[in-house]
Amino acid sequence: MKKFVTVCVAALCLSASFAHAADKKFTIAGIVFQEDQFMKSTLLGMKQVADKEGVNLLTSNTSNQISKEVQVVNTYTARGVDAIVITYLDPAAASIPAVKAAADKGIKIISFNNTLAADFPVSTIQSDNSLLGAGSGKAAAEYIKAHYADKKEIKVGIINYKAQLPPESNARQDGFWGEIKDIPGVKLVAEASSPVAEEAIKKAADIITANPDIDMFFACNNGGTIGAVLAVKNSGKKIPVFGIDLDKQMVGFLKSKDDILQASTAQDPVKIGALAMENAVKALKNEPVEKKIIVPGLTLTRTDPAAIAEYAKTVK
């Protein structure tokens with residue numbers, strides 16, 4: 001009888017705990033690391049779910065500074081938020097201790113856009129960076145077959161961002177290169193690293209100056225793609241550019257008569273942000289969540305204006 005009463009009390013306590021988790025108004029921190037369309041869109045996805053779920057959403061931008069990322073995480077930990085939804089600047093090393101300390105205090109950690117080299121995040125939502133690169137690589141391969149069939153050498157320049165996030169940048173570059181490297185004559189003649197457009201313009205211009213007969217650019221992110229397109233435009237040359245990411249400016253490039261940006265493969269940042277917030281809420285409600293979710297990308301080429309027009313309706 002005593003054992004039966006003990007079991008009943010435990011069951012009631014567990015039930016009350018779940019009911020409390022279901023009714024509580026959660027406070028969740030959303031952390032991005034730079035001010036571009038991708039990051040803005042992930043925050044938009046988080047906000048849509050937060051509004052629907054009645055979550056108090058706090059947001060921060062760490063401005064590409066690992067010291068600021070640590071400071072922001074520590075601040076939210078001290079404040080006692082219920083969960084942190086974060087994309088990291090150094091997911092292999094320097095980003096780990098602060099979020100580990102938060103997790104040790106019972107704060108749920110949800111990763112998005114990249115994967116932390118640790119097991120404690122309850123869920124990770126991101127694109128497959130290799131497949132993003134491969135999407136634009138397939139478009140580049142088609143372009144080479146259509147326009148450079150008679151050339152003995154096709155010189156390629158790449159703007160990556162591996163100085164900022166090596167694993168993600170390398171995966172995109174490798175995915176792209178894997179689609180064109182076996183085409184006869186293809187040769188990588190130059191690469192440079194810059195995650196932001198202002199710097200990428202100069203890096204791409206330097207590559208053009210050093211390789212005036214370059215045949216093609218690939219850029220691994222939004223800033224690099226915009227920088228490469230503007231550098232080509234400034235040079236007055238007709239060098240095709242293939243990129244990653246899509247925003248209003250890049251959609252404009254795909255529609256432009258200058259014929260520079262040929263294709264770009266986009267992530268779905270609104271969906272990534274929304275899924276990250278959904279999984280944070282589920283985890284706080286003690287509901288099951290998927291440990292890892294891969295969100296498919298979308299490749300747009302200027303040869304498909306109908307698809308570009310449809311996508312343009314989604315970017316502002």
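**View A. Pairing of β5 with β11 in the predicted model.** Strands β5 and β11 run parallel and are joined by three bridges. Within this pair, Ile125 stands opposite Ile293 in β11. Helices (H or I, at least four residues) and strands (E, at least two) are DSSP runs, numbered from the N terminus, and two strands pair if DSSP finds at least two bridges between them. The model is predicted, so local features need pLDDT of at least 70 and side-chain atom pairs count only at pLDDT 80 or more, while totals for chains, interfaces and linings use all residues. Residues are numbered from 1 along each chain as its sequence is written, and side-chain values use heavy atoms, with hydrogens and water left out.

**View B. The open sheet of six strands.** The strand order is β2-β1-β3-β4-β5-β11, with parallel pairing. β2 (56-61) and β11 (292-294) stand at the edges with a single partner strand each, so one side of each is left without a neighbour in the sheet. On average, and with direction ignored, neighbouring strands of this sheet are turned by 15 degrees against each other. Helix α2 (residues 37-53) packs on the sheet and touches β1 (27-32), β2, β3 and β4; the direction of α2 makes about 170 degrees with that of β1. Angles run from 0 to 180 degrees between N-to-C directions, and axes are lines fitted to C-alpha atoms, for helices over the stretch in contact. Contact means heavy atoms within 4.5 Å.

**View C. Strand β4 and its two partners.** Four of the five residues of strand β4 (residues 108-112) are buried, so β4 is largely enclosed by the rest of the structure. Buried denotes under 20% relative accessible area, exposed over 50%, and partly exposed in between (1.4 Å probe, protein chains only). Strand β3 (residues 83-86) is joined to β4 by four bridges, and the two run parallel. Ala83 stands opposite Lys108 in β4. From β3 the chain crosses through α4 to β4, and this β-α-β crossover is right-handed, that is, with the strands pointing away from the viewer, the path from the first strand over the helix to the second runs clockwise. β4 also pairs with strand β5 (residues 123-126), in the parallel sense and over three bridges; here Phe112 stands opposite Ile125 in β5.

**View D. Packing of helix α3 against helix α4.** Helix α3 (residues 66-79) and helix α4 (residues 96-104) pack at an angle of about 10 degrees, and their axes are 9 Å apart. The two helices, α3 and α4, are therefore roughly parallel to each other, a description applied to angles under 35 degrees. Val70, Val73, Asn74 and Thr77 in α3 meet Ala98, Val99 and Ala102 in α4. The residues of this contact of α3 with α4 comprise five nonpolar, two polar and no charged. Ala, Val, Leu, Ile, Met, Phe, Trp, Tyr, Cys and Pro count as nonpolar, Asp, Glu, Lys and Arg as charged, and the others, Gly among them, as polar.

**View E. Surroundings of Leu165.** Leu165 lies in the loop between β6 (154-160) and α6 (166-180). Leu165 is buried, with a relative accessible area of 2%. Apart from its neighbours within four places in sequence, Leu165 is in contact with Phe33, Tyr88, Leu89, Pro91 and Asn114.

Terms used: Parallel < 35°, antiparallel > 145°, perpendicular 65-115°, else oblique.
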